[in-house]
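Colleague: I'd like to learn how to read the features of a model like this one. Could you walk me through it?

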Amino acid sequence: MLVNMRNVVKRYGDNIALDNLNLNIKEGEVLGLLGPNGAGKTTAIRVLCGLVNADRGDVQVFGQKQTIKNLDTRRELGLVTQEITVFSDLSAIENLRYFGGLYGLRGAELEANVKEMLEFVGLSDRANKRPKTFSGGMQRRLNIACSLVHKPKLLIMDEPTVGIDPQSRNHILESVKEIATRGTTIIYTSHYMEEVQALCNRISIMDAGRVIADGTIDELMERIQYEDRVHLYAVAPSQVLLEELKAISGVKHVVVEGNHYLITSNAGSGNVNRIMEVAGRNGGVTSFSEDKPNLEDVFLTLTGKKLRDEGEV
């Protein structure tokens, strides 16, 4: 077990960011860490990296207690932040030399690693250019290279593809797959469910400062695969329609986005006819369908929110 966080609590004033969080990560895993905004993911990462101390609980990384004073564990960590954290007035190669030096690399080893990382992220031809002249996608690739130059055992990637072009995004995703084949353990957070499905072999879903579900994609699917799910597009969406749908026996969740109502009922509820009757009394429907759950549905069911916003049930 590379990471073991047990009953971790972190408060900021009256706000409880982590509420008895339990999170385990095995060596060689690619763990997708998902959660709506405010779920505590970033705080969990900061505690895991030793950037802040937990108020209570136990955090073990590489078999050592993690605190802000433990520099040994940090030498084996790589962190790709949401924000671009490279120096805009240094060239790409100078950035890599600087960050490699922070981790104790010197001489031939440093130069070899810098060269390897420039090639790995496809920036060898830009080695002597400053990142302020780069596109957003190229800056993010350099950001990743700086986190890898010391060849960490554990790489944490916090929203590494936000706001970039499709070509750079695909390059980053392929790079992550390559890093994983080399045996590096990866924690990957993203608001793009398709990335998580393509990259991760296990997923932990956080909400309100704790892990509320954990497992492979198939295991998470099994938690809701027998639920009945209906998509209804209303002619006249209204609060009355929402309340009447929620009141149907067996209905567990109703998620609304515009005139789209996603209605989740208990298995075998037989609610299709009742849903249609309620919709008919409230202006009718433009379209209606049933479907099987996917990972996005798992997330909606467990948190009541969409991954990319804070929409409520």
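**Charged pairs, cores and a sheet**

Modeller: Let's start with Lys132, which is partly exposed at a relative accessible area of 49%; buried means under 20%, exposed over 50% and partly exposed in between, with a 1.4 Å probe and protein chains only. Keep in mind that this is a predicted model, where local features need pLDDT of at least 70 and side-chain atom pairs count only at pLDDT 80 or more, while totals for chains, interfaces and linings use all residues. Residues are numbered from 1 along each chain as its sequence is written, and side-chain values use heavy atoms, with hydrogens and water left out.

Colleague: Which residue forms a salt bridge with Lys132?

Modeller: Side chains of opposite charge can pair when their charged atoms come close. Here we call it a salt bridge if a side-chain nitrogen of Lys or Arg is within 4 Å of a carboxyl oxygen of Asp or Glu. For Lys132 the partner is Asp89, with the closest N and O atoms 3.0 Å apart. Lys132 sits in the loop between helix 4 (107–120) and helix 5, and Asp89 in the loop between strand 6 (77–80) and helix 3 (92–102), so the pair ties together parts 43 residues apart in sequence. Helices (H or I, at least four residues) and strands (E, at least two) are DSSP runs numbered from the N terminus. Asp89 is partly exposed too, at 48%.

Colleague: How many salt bridges does a search of the whole structure find?

Modeller: It finds 16. Glu244 and Arg281 form one of them, at 3.0 Å from N to O, and this pair links distant parts of the chain: helix 9 (residues 239–247) holds Glu244, helix 10 (residues 272–281) holds Arg281, and they are 37 residues apart. Glu244 is partly exposed at 28%, whereas Arg281 is exposed at 57%. For a local case, take Lys177 and Glu174, at 3.5 Å: both are in helix 6 (residues 166–181), 3 residues apart, or about one turn of the helix. Then there's a network of salt bridges linking Glu116, Lys151, Glu178 and Arg182.

Colleague: Now the inside. Which residues have the most contacts inside the largest nonpolar core?

Modeller: A nonpolar core is a set of buried Ala, Val, Leu, Ile, Met, Phe, Trp, Tyr and Cys residues joined through side-chain atoms within 4.5 Å. The largest one has 48 residues, and Leu96 and Leu295 have the most contacts inside it. Helix 5 (residues 136–148) gives the most to this core, with 6 residues. Another core lies apart from it, with 24 residues, including Leu2 and Val59. Back to Leu295: leaving aside residues up to four places away in sequence, its contacts (heavy atoms within 4.5 Å) include Met193, Ile203 and Leu220.

Colleague: And the open sheet: what order do its strands have?

Modeller: Two strands pair if DSSP finds at least two bridges between them. The 6 strands run 6-7-8-3-9-10, with mixed pairing. Strand 6 and strand 10 (210–215) are at the edges with a single partner strand each, so one side of each has no neighbour in the sheet. The twist averages 15° from one strand to the next. Strand 9 (residues 202–207) and strand 10 are antiparallel over 5 bridges, and Met206 has Val211 in strand 10 as its bridge partner.

Conventions
Axes fitted to C-alpha atoms, helices over the stretch in contact; angles between N-to-C directions.
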